[in-house]
Amino acid sequence: MDACEKAVAKKPENGGIKDSRALARALTGDTPGAISDFQTFVDWTWDDESKAKRQKWIDELRAGKNPFTEEVLEDLLEE
């Protein structure tokens, strides 16, 4: 988390960095922070596929679900 916070502090306008921090926040139980950062990414990116994926995660997090199954995490490692 420390590295994520430092990266965001250096480039707060970079949605890609906030996307990384969002995942870290989600995995460490900071659901509100994760939702906020994923929303920033959705608003920042032009990639419709990435937007849709993050919006699904936002919706699931808001519903109290954990969208980060082992399969999802493995897919993210391959991105």
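User: Is the crossing of α2 and α3 left-handed or right-handed?

Analyst: This is a predicted model, and in it the crossing of α2 and α3 is left-handed. Helix α2 covers residues 15-27 and helix α3 covers residues 31-44.

User: How should I read the packing of these two helices, and at what angle do α2 and α3 pack?

Analyst: The general idea is to take the angle between the N-to-C directions of the two axes and to ask which class it falls in; an angle over 145 degrees counts as roughly antiparallel. Here α2 and α3 pack at an angle of about 155°, and their axes are 8 Å apart. That makes α2 roughly antiparallel to α3.

User: Which residues make the contact of α2 with α3?

Analyst: On the side of α2, the contact is made by Gly 15, Gly 16, Lys 18, Asp 19, Arg 21, Ala 22, Leu 23, Arg 25 and Ala 26. On the side of α3, Gly 33, Ala 34, Asp 37, Phe 38, Thr 40, Phe 41 and Trp 44 take part. Sorted by class, this contact has 7 nonpolar, 4 polar and 5 charged residues.

User: Where does Arg 54 lie, and what is Arg 54 in contact with?

Analyst: Arg 54 lies in helix α4. With a relative accessible area of 5%, Arg 54 is buried. Setting aside neighbours within four places in sequence, Arg 54 is in contact with Asp 19, Phe 38, Phe 41, Val 42 and Glu 79.

User: How do α3 and α4 pack?

Analyst: The angle is read by the method already described. α3 and α4 pack at an angle of about 155°, with 9 Å between their axes. That makes α3 roughly antiparallel to α4. The crossing in which α3 passes α4 is left-handed. From α3, the contact draws on Thr 31, Ala 34, Ile 35, Phe 38, Gln 39, Phe 41 and Val 42. From α4, the residues are Ser 50, Lys 51, Arg 54, Gln 55, Trp 57, Ile 58, Leu 61 and Arg 62. By class, the contact of α3 with α4 has 8 nonpolar, 4 polar and 3 charged residues.

User: Which residues make up the largest nonpolar core?

Analyst: In soluble globular proteins, nonpolar side chains tend to be buried together. In this structure the largest nonpolar core has 12 residues in all: Ala 22, Ala 26, Ala 34, Ile 35, Phe 38, Val 42, Trp 57, Ile 58, Leu 61, Phe 68, Val 72 and Leu 76. At least two residues of this core come from each of α2, α3, α4 (48-62) and α5 (70-78). The largest share, 4 residues, comes from α3.

User: Helix α1 remains. How do α1 and α2 pack?

Analyst: Helix α1 (residues 2-10) packs with α2 at an angle of about 155°, with the axes 9 Å apart. The two helices α1 and α2 are therefore roughly antiparallel to each other, and their crossing is left-handed. Cys 4, Glu 5, Ala 7 and Val 8 in α1 meet Ile 17, Lys 18, Ser 20, Arg 21, Ala 24 and Arg 25 in α2. This contact of α1 with α2 divides into 5 nonpolar, 1 polar and 4 charged residues.

User: Is Ala 3 buried or exposed?

Analyst: The cut-off needed here is the other one: exposed means over 50%. Ala 3, found in helix α1, has a relative accessible area of 60%, so Ala 3 is exposed. Ala 3 and Asp 43 are 40 residues apart in sequence, and 23 Å apart in space from C-alpha to C-alpha.

Definitions and conventions:
Residues are numbered from 1 along each chain as its sequence is written. This is a predicted model: local features need pLDDT of at least 70, side-chain atom pairs count only at pLDDT 80 or more; totals for chains, interfaces and linings use all residues. Side-chain values use heavy atoms; hydrogens and water are left out. Axes are lines fitted to C-alpha atoms, for helices over the stretch in contact, and angles run from 0 to 180 degrees between N-to-C directions. Angles under 35 degrees count as roughly parallel, over 145 as roughly antiparallel, 65 to 115 as roughly perpendicular and the rest as oblique. A crossing is left-handed if the near helix is turned anticlockwise from the far one by less than a right angle, and right-handed if clockwise. Contact means heavy atoms within 4.5 Å. Ala, Val, Leu, Ile, Met, Phe, Trp, Tyr, Cys and Pro count as nonpolar, Asp, Glu, Lys and Arg as charged, and the others, Gly among them, as polar. A nonpolar core is a set of buried Ala, Val, Leu, Ile, Met, Phe, Trp, Tyr and Cys residues joined through side-chain atoms within 4.5 Å. Buried means under 20% relative accessible area, exposed over 50%, partly exposed in between (1.4 Å probe, protein chains only).
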